[in-house]
Amino acid sequence: MHFSSCLCALLVALVYQVSGMDTVIGLYGETIEVPCNNGAPKPKDLFMTKWKYDDGDLLTQLKDQDASVIATDKYKDRVSMAENSSLLIAAATLKDEKTFTCMVVAGADISEYPVKLLIHKAPTGVEITALATELEIGKPTQLGQCSTSDANPAASITWFKNKKPLVADGKGIIISSNVKVDEVTGLTTTSSTLQYTAEKGDTAALFTCGALNTLSPPVSFTVTYPTERISLHVISKGPLMEGANVTLKCKADGNPPPTSFNFHILGKVVKVENSDSYTVTDVTRESTGEYKCSIIDNAKMEDSKNITINYLDMSLSPSGKVMKSFGEGLALTLQTHASGELKVSWTKDNGKLDSSPTFDKLTYSDSGKYEVVVTMGALIKKASFELVVEAEEAVRLLAGVPVIRRVAKQRGEDGQHKADESPYVNGKITHKLTIVPTVNLTVVCTVSNELGQDTRTINVSTLFEEVRMDKQDSSDEGDTTKLVVGVIVGLLLATVVVGLAYWLYMKKSKQGSWKTGEKEDGSTEESKKLEEKIEEKLEENSQKVEV
């Protein structure tokens, strides 16, 4: 009786205190720690700590003793008490979402600290299914369905375009969501459907959807729209000039773009299928004009370009090697025809000239290689000639250089090919060549010695008609008509000694005066001496010029 009275007195003396409710969020499948008194230190006069919930007690612990599990239900093997009196619940499920109370008996006070436990679970993954095959501009289309499963609470799905969230506006963007709960686990599956009206700029757009911190892999769509505009592009390697190939490319802004076009080539229509290009090969200046392209099923949708083919024509007279005598004139003609402005430059022996050369009266210093360069943008054309200014014939003879005095032709007496050469007499030699021509010929005669050479040509005709007339007039002549080409070579000064001696004389008397650019018009004292010396030598050798 005495013990009962004391226990009753103790219980009567205890004061109940209930604190406000705290909330703890635990992760699905993990061990959850539910703090007692929000983790405050144990009171010094602690007598007992007990955890309970609405359906019964879980476990209790007296001071300085181990905790004892008193639960007999599903928590029997899942609960324990931490050193700081927190409740530990292993393998948390959604059924653990309850209010757990920590009761602390200390001294004469009994305090209870209720804690509301919530269980969260992140979705297992996010994916987009039921994708649209393509999007058409201006037409609302179900883009796809985004879904995520095994979540608690139910996941909220957000759609993104190029990493920016899409907000439903009830017009171009319509989003509808649905949530299903698993009857066994209580976890939810959320799905969201996006209906989207595409714009032209969505061709390369990337769409994703996400829940919490999880995003789906990005997806893109083919956005189709009709062609509204086409453009013609001219493609060429380098400048547009004669001989080049020019490719015309027709681009359309539709998607998918047209595959066939009409190309209008200077009034001629060329139909091209399964390609957007057409190449005009080996263009000429006549190719300059207007070019167009259009869509086959809509001729009004077209574009055009004016194309100019650049050209540059040039001719220079004379050309090649030009032999002229001292004091003669030389006419120089440069003709150009081009599609644009030209630049002309001259060089002599690779040295730049300030202006076009003129040759009214040639001097020895005019000798050299002349080149003209005509440019128009990237087009460049060149031409050249080599000018050789020689001494007069008498000077050449005096120097011992052989000179052909005359090349003549006449009818031969027999029809045999042969060549005759006369003896060398008084500085002359005559060479005769008999030929029977069957086609028109050009006969070239060249004479040379150690000091130089001379060349002349003569044209020879077949004379077949003339032969037939001769046969009708004279039956006695049975030989085929032949032609004798006679070459009279005048070696007026055949002896090298005389020519060489006078060359040395000329060199000595003119030493220091033969310079580039010096005018030698035959009026100097040396020129007069040269003329007198020539006359003397001509008289001595009786070498008169034959006509």
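I count a disulfide when two cysteine sulfur atoms lie within 2.5 Å. The model is predicted, so I take each value as computed from it.

**Entry: bridge count**

How many disulfides does the rule give? I got three. Counting bonded cysteines along the chain, I read the pattern as 1-2, 3-4, 5-6.

**Entry: cysteine 250 and cysteine 293**

I looked up this pair against the cut-off. The S to S distance is 2.1 Å, and a disulfide needs the sulfurs within 2.5 Å. The link is right-handed, with 65° about the S-S bond. I then placed the ends: cysteine 250 lies in strand 22 (residues 246-252) and cysteine 293 in strand 26 (residues 289-295), so the bridge ties together parts 43 residues apart in sequence. Are these two cysteines buried or exposed? Both are buried.

**Entry: cysteine 146 and cysteine 209**

I found a disulfide here with S to S at 1.9 Å. The torsion about the S-S bond is about 80°, so I noted it as right-handed. Cysteine 146 sits in strand 13 (residues 140-151) and cysteine 209 in strand 18 (residues 207-211), so the pair joins parts 63 residues apart in sequence. I checked burial too. Cysteine 146 has a relative accessible area of 0% and is buried. Cysteine 209 is buried, also at 0%.

**Entry: cysteine 36 and cysteine 102**

This disulfide has S to S at 2.0 Å. Which hand does it have? The S-S torsion is about -75°, so it is left-handed. I located cysteine 36 in the loop between strand 3 (32-34) and strand 4 (46-53), and cysteine 102 in strand 9 (residues 99-106), so the bridge ties parts 66 residues apart in sequence. Cysteine 36 is buried at 4% relative accessible area. Cysteine 102 counts as buried at 0%.

**Entry: serine 86**

I went on to serine 86, because cysteine 36 is among its contacts within 4.5 Å. Serine 86 is in the loop between strand 7 (79-81) and strand 8 (87-89). Its relative accessibility is 0%, so it counts as buried. What does the serine 86 side chain make polar contacts with? I found the side chain of glutamate 33 at 3.3 Å and the side chain of asparagine 84 at 3.0 Å. Leaving aside neighbours within four places in sequence, I listed the contacts of serine 86 as Glu33, Val34, Pro35, Cys36, Trp51, Ser80 and Met81.

**Entry: cysteine 445**

I also looked up burial for cysteine 445. It is buried, at 16% relative accessible area, because buried means under 20%.

How values were computed: Residues are numbered from 1 along each chain as its sequence is written. This is a predicted model: local features need pLDDT of at least 70, side-chain atom pairs count only at pLDDT 80 or more; totals for chains, interfaces and linings use all residues. Side-chain values use heavy atoms; hydrogens and water are left out. Helices (H or I, at least four residues) and strands (E, at least two) are DSSP runs, numbered from the N terminus. Buried means under 20% relative accessible area, exposed over 50%, partly exposed in between (1.4 Å probe, protein chains only). A polar contact is a pair of N or O atoms within 3.5 Å; within protein, one must be able to donate a hydrogen and the other to accept it, and residues adjacent in sequence count only if both atoms are side-chain atoms.
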